[in-house]
Amino acid sequence: MSVHPTTTGRAPHTSAARPDPRRWLALCVIALSTLMVVLDASVINIALPQAQHSLHISDANRHWAVTAYAVTFGGLLLLGGRVADIAGRKRTMLVALTGFALASVLGGLAVNPAMLITARALQGVFAAALAPAALSLVTVTFVDPAERARAFGVYGAVQGLGGAIGLLLGGTLTEYLDWRWCLFINVPIAVVAVLGAVPTVRESRVAGDRRYDILGAALATTGSVALVVGFTIAGESDGGWTRPTTLITLGAALALLVSFVVRQSRTDHPMLPLRVLTDRNRAGSFGTAVFSGAGMFGMFLFLTYYLQVNLGYTPIRAGLAFLPFTAGIILVALAMPTILPRTGPKALMAFGMALATIGMFTLTTIDGSPAWLGGTLLPELLMGVGLGFVFTPMNSAALTGVDPADAGVASAVLNATQQLGGAFGVALLNTFYTTTTRARLGEDPSDQLGAYLAGYRSAFLAAGVLFIAATITSLTVLRGRAARGGSATPDANQGAGGRTPSLAP
């Protein structure tokens with residue numbers, strides 16, 4: 001592996017090029033660490049009805065138990081990635097694991113809505129540091145292209161498995177114990193991850209200039225938070241997109257984010273070096289993440305409502321009904337280490353998104369029949385297998401070849417695009433759902449099932465259009481067979497501005 005000089009003429013440290021003998025044990029710990037983030041998204045959705053009843057949360061405010069997490073997670077991811085780069089990725093992961101566990105305890109002990117929502121927001125804060133730290137550790141720990149592809153495959157499979165475990169575990173804990181255990185369960189996971197990370201994970205951080213861009217961090221964070229809040233407000237009721245509150249919030253978000261980009265182009269110490277965004281493969285991955293995340297998160301929410309509210313599934317049965325979707329992602333992700341180095345990410349991502357798009361449009365044919373095998377099974381399989389072809393190549397394209405000094409922030413951008421895309425998708429699909437449902441009920445108030453089905457179909461149709469956008473992005477932005485798992489060695493033209501990465505033993 002060649003070593004390029006940095007912009008100051010100094011050679012970077014080459015310890016990153018030496019394979020860590022504990023790298024596979026480290027991968028297990030890193031994957032376990034991120035399992036909490038994945039678990040939390042699905043577990044809380046199943047526990048929310050019981051939590052609402054227990055804490056007397058109003059219907060108008062119940063969504064904040066979910067949204068508070070998304071707002072802080074999506075809004076602080078970029079800052080979390082830069083903190084991980086500078087303070088140390090291992091150290092950041094350990095602190096975030098501990099904080100996430102303590103926030104989970106606070107939520108499990110909640111005695112009123114404010115306490116639960118505060119705990120959920122704190123979970124999002126620590127998740128915003130944990131997710132980019134963990135993903136960037138995978139990038140810098142595995143220097144061999146083939147090994148990195150296998151590592152991303154395992155990482156993606158664990159994330160898919162986490163979704164399945166969350167659905168089943170949340171249903172089981174809620175039905176047989178109490179909804180609070182859906183939060184307490186994070187504590188033993190965090191303890192095991194911390195104890196495993198201390199001896200196995202190698203510290204990695206940026207050496208040299210370690211100053212923060214405080215103004216840039218403030219602009220990015222407030223802009224991202226405003227964007228998520230604006231999407232949430234827009235989806236709360238019919239006509240939400242044209243309400244003054246929505247327009248003012250989204251306008252403020254746009255102004256803040258534009259100011260952030262201008263700031264990054266002018267400061268000597270950018271929090272987000274614009275070179276991270278100008279690479280075509282990374283840009284294509286980020287764009288695909290936005291559209292696929294928007295469609296997937298929105299689909300997941302409304303399919304959950306369809307199964308539990310309209311088909312009368314119990315939480316456990318609903319979790320089981322989603323297994324084909326998660327199984328498809330896991331099985332394909334496990335095969336990616338063999339396929340990805342041969343084909344590159346573009347062909348896999350485009351094929352996977354096209355297959356997932358077919359599955360999403362197939363989902364618009366639901367008719368309210370309780371026969372799961374004839375209703376949602378085929379769409380779930382198509383979407384699960386299709387997205388399995390997307391996630392691992394998307395991670396690889398976004399992070400392969402990135403300067404090690406920028407690995408944390410690149411990971412943060414990838415996570416942030418998925419979270420912000422998900423917030424946008426939920427708001428957008430909810431607008432289609434509520435508008436269509438109310439229109440049908442206005443025509444025939446007695447046909448409630450028909451109105452619900454029409455609303456679901458319109459939401460899934462909108463999600464299919466988002467998947468089409470992701471497919472087009474993969475086809476037009478990504479470069480051919482490039483980025484098949486190359487190293488993360490700094491390039492002379494993409495140096496860290498004089499900073500030299502180090503990998504501490």
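The legends below accompany several close-up views of this predicted model. Residues are numbered from 1 along each chain as its sequence is written. In this predicted model, local features need pLDDT of at least 70 and side-chain atom pairs count only at pLDDT 80 or more, while totals for chains, interfaces and linings use all residues, and side-chain values use heavy atoms, with hydrogens and water left out.

**View 1. An edge-to-face pair, Phe351 and Phe389.** The structure holds 7 aromatic pairs, where rings of Phe, Tyr and Trp (its six-membered ring) pair if their centres lie within 6.5 Å, and planes under 30 degrees apart count as stacked, over 60 as edge-to-face and the rest as tilted. The ring centres of Phe351 and Phe389 are 5.2 Å apart and the planes stand at 90°, so this pair is edge-to-face. Phe351 belongs to helix H14 (residues 345-362) and Phe389 to helix H16 (residues 377-399), so the pair links distant parts of the chain, 38 residues apart. Helices (H or I, at least four residues) and strands (E, at least two) are DSSP runs, numbered from the N terminus. Which of the two counts as buried, and which as partly exposed? Phe351 is partly exposed at 46% relative accessibility, whereas Phe389 is buried at 16%. Here buried means under 20% relative accessible area, exposed over 50%, and partly exposed in between (1.4 Å probe, protein chains only).

**View 2. Further aromatic neighbours.** Phe302, Tyr306, Tyr433 and Tyr456 come together in one aromatic cluster. Elsewhere, what sits over the ring of Tyr313? It is the charged end of Arg317, 4.0 Å from the ring centre. For a charge to sit over a ring, NZ of Lys or CZ of Arg must be within 6 Å of the ring centre and within 35 degrees of the ring normal.

**View 3. A nonpolar surface patch with Tyr176, Leu177 and Trp181.** Together these three residues have about 390 Å² of accessible area, a value from the Shrake-Rupley method with a 1.4 Å probe, in which only the protein chains shown count as cover for residues. Patches are made of residues with over 30% relative accessible area and no salt bridge, joining like charges within 9 Å and nonpolar side chains (Val, Leu, Ile, Met, Phe, Trp, Tyr) within 5 Å. Tyr176 is part of helix H5 (residues 145-176) and counts as exposed, at 58% relative accessibility.

**View 4. The salt bridge of Arg180 and Asp178.** How many salt bridges does the rule give? The count comes to 1, with a salt bridge defined as a side-chain nitrogen of Lys or Arg within 4 Å of a carboxyl oxygen of Asp or Glu. Arg180 and Asp178 meet through their side chains at 3.9 Å, N to O. Asp178 is partly exposed, with 31% relative accessibility.

View 5. Thr172 is partly exposed, its relative accessible area being 34%.

**View 6. Buried residues Leu130 and Gly284.** Leu130 sits in helix H4 (residues 113-141) and has 0% relative accessibility, so it counts as buried. The C-alpha atoms of Leu130 and Ile30 are 9.7 Å apart, although 100 residues separate them along the chain. Gly284, in helix H11 (residues 280-310), is likewise buried at 0%. Between Gly284 and Ala470 the C-alpha distance is 9.1 Å, and they are 186 residues apart in sequence.

**View 7. Helices H3 and H8.** Helix H3 (residues 89-108) has 20 residues and spans 28 Å from its first C-alpha to its last, close to the 28 Å expected at 1.5 Å a residue. The expected span is 1.5 Å times one less than the number of residues. In H3, 14 of the 20 residues are buried, so the helix is largely enclosed by the rest of the structure. Helix H8 (residues 214-234), with 21 residues, reaches 30 Å, close to the 30 Å expected. H8 is mostly covered, with 15 of its 21 residues buried.
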